[in-house]
Structures are given as structure tokens and as C-alpha cells.
Amino acid sequence: MIKCVILDDELLAISYLKLLCEQIDDVEVVKAFNDPKIFLKEIDSLDCNLCILDIEMPGITGLQVAELISGSKRSSSPPPIKNMQPKLLISM
């Protein structure tokens, strides 16, 4: 089972991403965030192995968030990053 966390500042985008994830077997959305600061506070306590990050957000980009969490206790090495579409970043 892939346990996924979503971060996007747009609620409509979060709803759409949840809907897409629900259509994929073995993917569970554990939690969704619309605030990067809250996401960064909680990510270490969540049981997940996939983060879907919005690249363009006010204050911090998804690339910066990926860089911050790659150094967290959840990861022993930088995560592989795939740019799936212009505003969607997948980091495992």
C-alpha cells in the first residue's frame, strides 16, 4: 500500500488530487494540507511514503519543501523527484 500525503495551497487542487489517488489501487491518501508550515510541522509524525507537492505556493515552493523533508528523519538520502506535470511534483 502506498500511503500518500498531499500539499497544495488550492483546495480545489487537493480535492482533484484526492479523487485521482482514490482511483489507483493500493494508494491511500493519509492526509492533505493546504498550508506548507503545518505540513512541515506534521510530516515526521505521519506514516507515509509518498508526498505530492504543489510547486508554486505563496512563501515556499514545493521544491523547497522537498529539499527540507529530504533531510528529515524520514529520509536517509535525498528522494527521487519526478516532475509529473507543470504544477505537480512527486517525491518518494
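Is Leu20 buried, partly exposed or exposed? Leu20 counts as partly exposed, because its relative accessibility is 35%. Here buried means under 20% relative accessible area, exposed means over 50%, and partly exposed lies in between (1.4 Å probe, protein chains only). The structure is a predicted model, in which local features need pLDDT of at least 70 and side-chain atom pairs count only at pLDDT 80 or more, while totals for chains, interfaces and linings use all residues. Residues are numbered from 1 along each chain as its sequence is written, and side-chain values use heavy atoms, with hydrogens and water left out.

The overall layout comes next. The protein chain holds 3 helices and 5 strands. Helices (H or I, at least four residues) and strands (E, at least two) are DSSP runs, numbered from the N terminus. Read from the N terminus, the order of elements is β-α-β-α-β-α-β-β. The chain has 92 residues, and buried residues make up 37% of them. Its accessible surface comes to about 5800 Å². Carbon and sulfur atoms account for 55% of that surface. Accessible areas come from the Shrake-Rupley method with a 1.4 Å probe; for residues, only the protein chains shown count as cover. Contacts were also counted along the chain, a contact being heavy atoms within 4.5 Å. Among contacts between residues at least 6 apart in sequence, 64% join residues at least 24 apart.

Leu20 lies in helix α1. Together with Tyr16 and Leu19, Leu20 forms a nonpolar patch on the surface. The three residues have about 290 Å² of accessible area together. Patches are made of residues with over 30% relative accessible area and no salt bridge; like charges are joined within 9 Å, and nonpolar side chains (Val, Leu, Ile, Met, Phe, Trp, Tyr) within 5 Å.

Helix α3 spans residues 62–70. Its buried residues are Gly62, Val65, Ala66, Ile69 and Ser70. Seen down the axis of α3, these buried residues fall within an arc of 130 degrees, so they line one face of the helix. The arc is that of the directions from the helix axis to the C-beta atoms. An α-helix has 3.6 residues a turn, so residues three or four places apart point the same way.

A search of the whole structure finds 2 salt bridges. A salt bridge is a side-chain nitrogen of Lys or Arg within 4 Å of a carboxyl oxygen of Asp or Glu. Lys3 pairs with Asp47, and their closest N and O atoms are 2.8 Å apart. Lys3 lies in strand β1 and Asp47 in the loop between α2 (36–42) and β3 (50–54), so this pair ties together parts that are 44 residues apart in sequence. Lys3 is partly exposed, at 26% relative accessibility. Lys31 and Glu42 also meet in a salt bridge, at 2.6 Å from N to O. Lys31 belongs to strand β2 and Glu42 to helix α2, so the pair ties together parts that are 11 residues apart in sequence. Lys31 is partly exposed at 31% relative accessibility. Glu42 is partly exposed too, with a relative accessible area of 25%.

Val30 is found in strand β2. Val30 has a relative accessible area of 32%, so it is partly exposed. Leaving out residues up to four places away in sequence, Val30 touches Lys3, Cys4, Val5 and Asp47. Val30 and Ile6 are 24 residues apart along the chain, and their C-alpha atoms are separated by 8.4 Å.

Asp8 lies in the loop between β1 (2–7) and α1. Asp8 counts as buried, because its relative accessibility is 5%. The side chain of Asp8 reaches the backbone nitrogen of Glu10 at 2.9 Å. This is a polar contact, defined as a pair of N or O atoms within 3.5 Å; within protein, one must be able to donate a hydrogen and the other to accept it, and residues adjacent in sequence count only if both atoms are side-chain atoms. Not counting residues up to four places away in sequence, Asp8 touches several residues, including Phe33, Asp54 and Met57. Asp54 lies in strand β3. With a relative accessible area of 1%, Asp54 is buried. A polar atom of the Asp54 side chain lies 3.2 Å from the backbone nitrogen of Glu56. Asp26 sits in the loop between α1 (11–22) and β2 (27–33). At 52% relative accessibility, Asp26 counts as exposed. Asp26 is not a glycine, yet it has a positive phi of about 65 degrees.
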